[in-house]
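Subject: Two-chain model for you

Hello,

Here is the structure I promised to pass on. Please open it beside this email and follow along.

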Amino acid sequence: MILPGPLVIIALPLAMAVVLQLLRHWTMLMAGLGAATLVLIGGLVLLAPLDAVWQVSNFTVEFGRPLVILGRQLVLQPFDQLAIAFLFFTTGGLFIVAWRLLPHSNFFPVGLVIVTLLATALLVEQVVYAALLVEMAAILTVFPLHEPSSVASKRGGAPGALGGMRYMVYVTLALPGLMITQLFLDLFAIFPNDQTLLNTAAVLLSISFAILFGAFPFQSWLSRVALDGSPPMVTFIFTVNFGAVWFMLLDYLRTYPWLAEQVPLAQLFLWLGLLMMVLGGILAAAQQQLGRLVGYATLVDNGAMLLALGTQQVEGTALAMLLLIARPFSLALMTLGLQGLRRLGDGADTHRLLRGVAWRAPWRAFAFLIGGISLAGFPISLSFDARWGLYRLLAQEEFTWALLALLGSAGVMFGLVRSLRVLLKRSPTVKRPVGEPLVEDRIVLLLLVVLILATLFLGFFPQRVSHLVYQMASWYTIF
Amino acid sequence: MNPVLYWIDRLSALASGPAVWGVFLTGAIIYLIAEWRIRLLAFLAQYFFVGILFTRLFSERPEMALLKTLVGWLVCGALYLSARIRQDAQGRQAAFSWAADIPFRAVALAMLTIVAYLASQRYALPFVTGELALTCFLLVALAVLFIGTEQDVVVVGVGILNLLAALDIFYSTQDPGLLVTGLLIIVSLLVALAISYLAVVEVVE
């Protein structure tokens with residue numbers, strides 16, 4: 001029996017999701033099986049030659065063979081391999097992180113379904129289906145995000161379901177634009193003289209992706225999700241879901257190359273990216289809540305990615321990919337640190353309630369700091385190498401742009417330093433800080449150390465991943 | 001033409017005009033009245049009117065329009081269950097009441113209805129008939145009101161579903177294929193499930 005590659009990529013995680021749902025009682029088993037499945041499929045996708053045939057028992061697997069569903073093709077292309085592997089490996093890593101943090105959680109089975117939907121969105125050729133699959137994945141994200149047992153905090157009077165609700169609303173608002181864009185672009189292919197169709201499509205596409213990336217004025221869901229979600233969930237949404245959206249944007253631009261030629265999309269990305277970085281930096285600098293700081297730091301990082309794409313160079317696309325690869329490490333560290341600090345602040349993460357808690361949870365405060373520095377794009381981290389490259393690229397074009405981008409990053413760093421001052425502040429009346437130290441789970445502590453070491457290692461040796469991102473970027477010669 | 005299809009086509013042609021305003025009226029009831037039972041009944045009726053309008057789109061395949069209506073009613077069922085659980089958990093008695101800030105709501109509703117009507121006159125949607133275009137604009141206007149001015153998860157969710165219904169009507173005229181229709185139905189069901197879940201989680205928390 002011949003199995004097309006996409007069928008293996010879709011069917012295996014879905015089957016495992018059913019198994020994990022039955023194993024909800026055993027968290028370690030769920031996390032282990034889920035992570036192993038994702039790493040196995042991710043590895044296969046990454047390493048399997050598309051023209052090779054694999055014989056497994058009575059089955060013949062052909063990774064390059066398309067899967068046809070109701071006349072629509074799902075096919076694994078060379079440029080999808082690294083993108084899908086990124087989604088699968090990141091989710092696998094987050095399953096390990098979630099093992100101790102989300103006992104009996106539905107994140108494991110639902111996460112597998114979500115990542116499968118996102119991978120399918122990248123495999124399907126028509127972008128309209130990709131948009132619908134991303135929408136489904138976003139809706140499913142709401143379930144683990146607001147799991148009653150793992151809700152990060154219960155702040156006075158605020159509705160607990162707000163983060164998921166806003167996320168769902170914004171992604172749904174983006175859906176019509178994405179679907180209608182393809183319709184207009186297909187019409188434009190038939191009526192090439194009707195420039196209105198192209199302009200409308202470009203406007204709709206830009207608005208839709210601005211919503212999905214949380215650009216101004218659609219940024220409110222970012223901070224709310226960062227406030228409401230558990231560490232693995234926030235990292236999952238901001239890396240895996242965002243990553244899929246990012247690759248979907250690149251797929252749009254690759255599918256319709258004349259769109260970028262006839263409409264000044266690069267300029268649009270450039271200005272939108274700058275706006276996101278500057279505004280995100282200002283908002284991050286002004287924050288009094290650590291969760292919101294995470295949200296706005298992500299907004300700045302998204303802006304940097306769009307800005308890099310707007311440079312219209314392969315180096316720019318590669319730098320954006322580098323930022324995407326660095327993000328799971330920084331965000332996982334930040335959110336893990338935040339989770340521990342919140343426990344000492346009775347579930348809240350305001351400056352007022354977290355005064356001096358760094359002395360009671362030093363590892364968590366350190367993790368938050370290292371993750372924050374990395375997400376802000378300061379040394380020593382992989383993001384720093386990407387941001388530095390971005391500033392240099394921008395400075396070649398226009399020095400002011402580089403300066404504005406740097407100011408955005410500095411805003412995040414300023415917010416981080418302010419928060420750190422509060423976390424380290426000792427009570428003036430007593431010599432020693434009040435309160436018991438946080439009782440740390442040794443495995444979570446080990447995870448923190450591993451993540452810190454990985455972040456520093458990648459910061460010192462970025463060349464390990466740079467050739468990978470150049471390979472990824474070379475598939476997307478858009479502008 | 002099959003006589004059954006012929007009569008369905010004739011009846012839907014007669015009913016589609018009132019159905020457009022039925023969609024608006026039910027939306028207005030959801031927006032202006034706070035009692036959740038009345039809101040859900042209105043939402044149920046709204047899906048009936050949307051179903052009538054879908055028969056204009058799927059004149060050769062009325063079963064598709066029926067499917068859309070049934071899915072809508074299934075959505076209402078899911079919302080009813082969660083609203084019921086929420087009321088029981090909060091221990092509140094159901095009683096008729098107008099929504100808060102009723103003058104503001106009435107003005108906002110009137111303004112957006114006028115905007116939707118004028119937009120349907122001014123901007124022609126490609127391949128969409130006048131009645132269906134007006135329905136699309138009205139549903140989008142209602143979605144904007146529900147999402148923009150409401151805090152209740154269920155009503156915001158109804159806004160999302162209205163937006164999806166507008167998209168469904170518009171997209172089905174362009175591409176009446178089974179796959180997109182099926183995927184949009186799955187999206188609607190998932191949205192309903194997520195809203196029901198969030199409505200209950202709020203109380204559990």
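Below are my notes, chain by chain and then on the contact between the chains.

Keep in mind that this is a predicted model.

**Chain A**

Chain A has 18 helices and five strands. Its radius of gyration is 22 Å, close to the 23 Å that the globule rule gives for 479 residues, so chain A is as compact as a globular protein of that length. Along the principal axes, its C-alpha atoms fill a box of roughly 75 × 55 × 45 Å. Of the 479 residues, 58% are buried. Take the contacts in chain A between residues at least 6 apart in sequence: 79% of them join residues at least 24 apart.

Look at helix H5 of chain A, residues 127-145. H5(A) is mostly covered, with 18 of its 19 residues buried. At 1.5 Å a residue, H5(A) should span 27 Å, and its end C-alpha atoms are 27 Å apart, which agrees.

Two loop residues in chain A deserve a look.

Start with Gln289(A). It sits in the loop between helix H11 (265-286) and helix H12 (290-310) of chain A. Is Gln289(A) buried or exposed? Buried: Gln289(A) has 21 C-beta neighbours inside 10 Å, and the cut-off is 20 or more. Setting aside neighbours within four places in sequence, Gln289(A) is in contact with Leu227(A), Asp349(A) and Thr350(A). Pro264(A) is another matter. Gln289(A) and Pro264(A) are 25 residues apart in sequence, and their C-alpha atoms are 38 Å apart in space.

Then there is His104(A). This residue is in the loop between helix H3 (78-101) and helix H4 (107-123) of chain A. Most residues other than glycine have a negative phi. His104(A) is partly exposed, with 15 other C-beta atoms within 10 Å.

**Chain B**

Chain B has seven helices and zero strands. Along the sequence the pattern reads α-α-α-α-α-α-α. The radius of gyration is 17 Å, close to the 17 Å from the globule rule for 205 residues, so chain B is as compact as a globular protein of that length. The C-alpha atoms of chain B fill a box of roughly 55 × 30 × 25 Å along the principal axes. Buried residues make up 41% of the 205. Of the contacts in chain B with a separation of 6 or more, 69% come from residues 24 or more positions apart.

How do helix H1 (residues 3-32) and helix H5 (residues 130-149) of chain B pack? Their angle is about 5°, and their axes are 10 Å apart. H1(B) and H5(B) are therefore roughly parallel to each other. On the H1(B) side, the contact residues include Val20(B), Val23(B), Phe24(B) and Tyr31(B). On the H5(B) side, they include Leu134(B), Leu138(B), Leu142(B) and Phe146(B). By class, the residues of this contact are ten nonpolar, four polar and one charged.

Chain B also has a positive phi outside glycine. Asp101(B) has a phi of about 55°. Asp101(B) lies in the loop between helix H3 (62-90) and helix H4 (102-122) of chain B. With 11 C-beta neighbours inside 10 Å, Asp101(B) counts as exposed.

**Where the chains meet**

The contact takes 25 residues from chain B and 27 residues from chain A. Which elements of chain B give two or more residues to its side? They are helix H6 (153-174) and helix H7 (178-204). H7(B) gives the largest share, 14 residues. The side of chain B that touches chain A divides into 21 nonpolar, two polar and two charged residues.

One helix pair crosses between the chains here. Helix H6 (residues 162-190) of chain A packs with H6(B) at an angle of about 10°, with their axes 11 Å apart. That makes H6(A) roughly parallel to H6(B). From H6(A), the contact residues include Met165(A), Met168(A), Leu175(A) and Leu183(A). From H6(B), they include Val153(B), Ile160(B), Leu164(B) and Tyr171(B). This contact has 14 nonpolar, two polar and no charged residues.

Best wishes

Definitions and conventions
Residues are numbered from 1 along each chain as its sequence is written. Chains are lettered from A and ligands numbered from 1 in the order in which they are written. This is a predicted model: local features need pLDDT of at least 70, side-chain atom pairs count only at pLDDT 80 or more; totals for chains, interfaces and linings use all residues. Axes are lines fitted to C-alpha atoms, for helices over the stretch in contact, and angles run from 0 to 180 degrees between N-to-C directions. Helices (H or I, at least four residues) and strands (E, at least two) are DSSP runs, numbered from the N terminus. Angles under 35 degrees count as roughly parallel, over 145 as roughly antiparallel, 65 to 115 as roughly perpendicular and the rest as oblique. Two residues are in contact if their C-beta atoms, placed from the backbone, lie within 7 Å. Ala, Val, Leu, Ile, Met, Phe, Trp, Tyr, Cys and Pro count as nonpolar, Asp, Glu, Lys and Arg as charged, and the others, Gly among them, as polar. The radius of gyration is taken over C-alpha atoms; the globule rule is 2.2 Å times the number of residues to the power 0.38. A residue is buried if 20 or more other C-beta atoms lie within 10 Å of its own, exposed if 12 or fewer, and partly exposed in between; C-beta atoms are placed from the backbone. The expected span of a helix is 1.5 Å times one less than its number of residues.
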